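Here is a short briefing on a sheet and a ligand site. Look at the structure first, then read on.

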Amino acid sequence: MTRILAIESSCDETAAAILEGETRVLSSVVASQMVHGKYGGVVPELASREHLRAIVPVVREALETAGLKFTDLDAVAATSGPGLAGSLLVGLTYAKAISFATGIPLIAVNHIEGHIHAVILEAAAAGKPVEFPALALIVSGGHTHLFEAREPGSYRLLGRTRDDAAGEAFDKVAKLLGFGYPGGPVIDLLAPRGNALAIRFTPANMKGNKLDFSFSGLKTAVLRWVEARDMEAEIAARKALLRGNPKPSLEEWLAVTPPATLDLVASFQHTVIGELLRHAARAAESLEGARSLIISGGVACNSGLRAAATQHAVGVPVYFPTRALSTDNAVMIAAAAYPLFRAGKFASLEIAAEPNLALA
Ligand code: KG4
Ligand code: ZN
């Protein structure tokens, strides 16, 4: 059985995993960087430093959990892009060193293809493989991309965000309201407590490609809404709560969040979900023969999105990864590396990290 060690370090998670064959996960370790919280977003210099600190212990733990040594591996894979240059470099360079020292081949993986393979792997492992051709909606802090996947490995870009990514919109709105970083999980937690129809935000009217996304107008609309009200005291109260407690409970948040703000959060999330699914439905309709929709990336954790994304809403069966494989991890990198290994598509030790690497 093939055993692939994969490393992911494109943003603020240092992760390593070992996959046996196509679907058997022998280990998966994810070290999330906590240093960025107080800055309201990922600080690239701090991210590379944290990756440097974590990479060796994270890979060691992945090997130990699997009960394997470097010499038991058949290949080492790493994310080569897209992502933060300094962050990518740490994982890719370490993978090159492993390849050089042990003689096993190096496989370079596109991070976005990794998010797609998280779903392909889990669906296959559950005995309900994703049917192709499929649509893939990748929604994370860095990406909002809609692809046609004729088969795994063959992609065509149908639409992408022209400004903020969906996760970035969650993060920026949360920061504005004093909910800290990352913003998605808090908004997800509080949205069910508000009235999602209380505020009508107008969806972006895209000129040109109707499958492109835009979230900066929504972000500005939220900012205007906040500016028109006196919210300083409640925002300060939430920031104070976060200083003493990096992960407040629902009750603690509710104590510093009035109903009007819950309505705002709910309406914002509702608008984002509506935009994502409207685009997916439009793509499913225009693409004859699409048999499924894959939704992956950090925003795929969102409970409201999971509940709303039914076959009825988009026209084809919808596949989500489990929450652990929705956000950045290395299992998805190993899963994307497996077909490349089978096809003998190895990378040279000279390969560079590519912050803007495209999938299609
Ligand atoms: O895939 P990911 O871990 O990293 C990137 O490749 O960007 O995604 C992180 C993003 C963040 O913007 C975070 O706020 C968002 O995913 N996110 C969520 C939820 N959990 C994480 N957004 C909405 N609802 C959630 N439950
Ligand atoms: Zn990601």
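**Sheet**
- Five strands form an open sheet with mixed pairing, in the order β8-β7-β6-β9-β10.
- β8 (154-160) and β10 (318-319) are the edge strands; each has a single partner strand, so one side of each lacks a neighbour in the sheet.
- Strands β6 (residues 134-139) and β9 (residues 292-296) run parallel and are joined by 5 bridges.
- Ala 134 sits opposite Ser 292 in β9.
- Strands (E, at least two residues) and helices (H or I, at least four) are DSSP runs numbered from the N terminus; two strands pair if DSSP finds at least two bridges between them.

**Basis**
- This is a predicted model: local features need pLDDT of at least 70, side-chain atom pairs count only at pLDDT 80 or more, and totals for chains, interfaces and linings use all residues.
- Residues are numbered from 1 along each chain as its sequence is written, chains are lettered from A and ligands numbered from 1 in the order written, and side-chain values use heavy atoms, without hydrogens and water.

**Ligand 1**
- Domain 1 (3-117 + 327-342) and domain 2 (132-316) both give residues to the shell around ligand 1, so the ligand lies between them; the bounds come from an automatic or database domain assignment.
- The residues around ligand 1 number 20, and Gly 141, Asp 171, Asp 188, Gly 298 and Asn 302 come nearest (near: a heavy atom within 4 Å).
- α3 (111-125), α4 (166-176) and α5 (184-190) each supply at least two shell residues.
- An oxygen atom of ligand 1 is 3.0 Å from a polar backbone atom of Asp 328 (polar contact to a ligand: N or O atoms within 3.5 Å).

How values were computed. A polar contact is a pair of N or O atoms within 3.5 Å; within protein, one must be able to donate a hydrogen and the other to accept it, and residues adjacent in sequence count only if both atoms are side-chain atoms.
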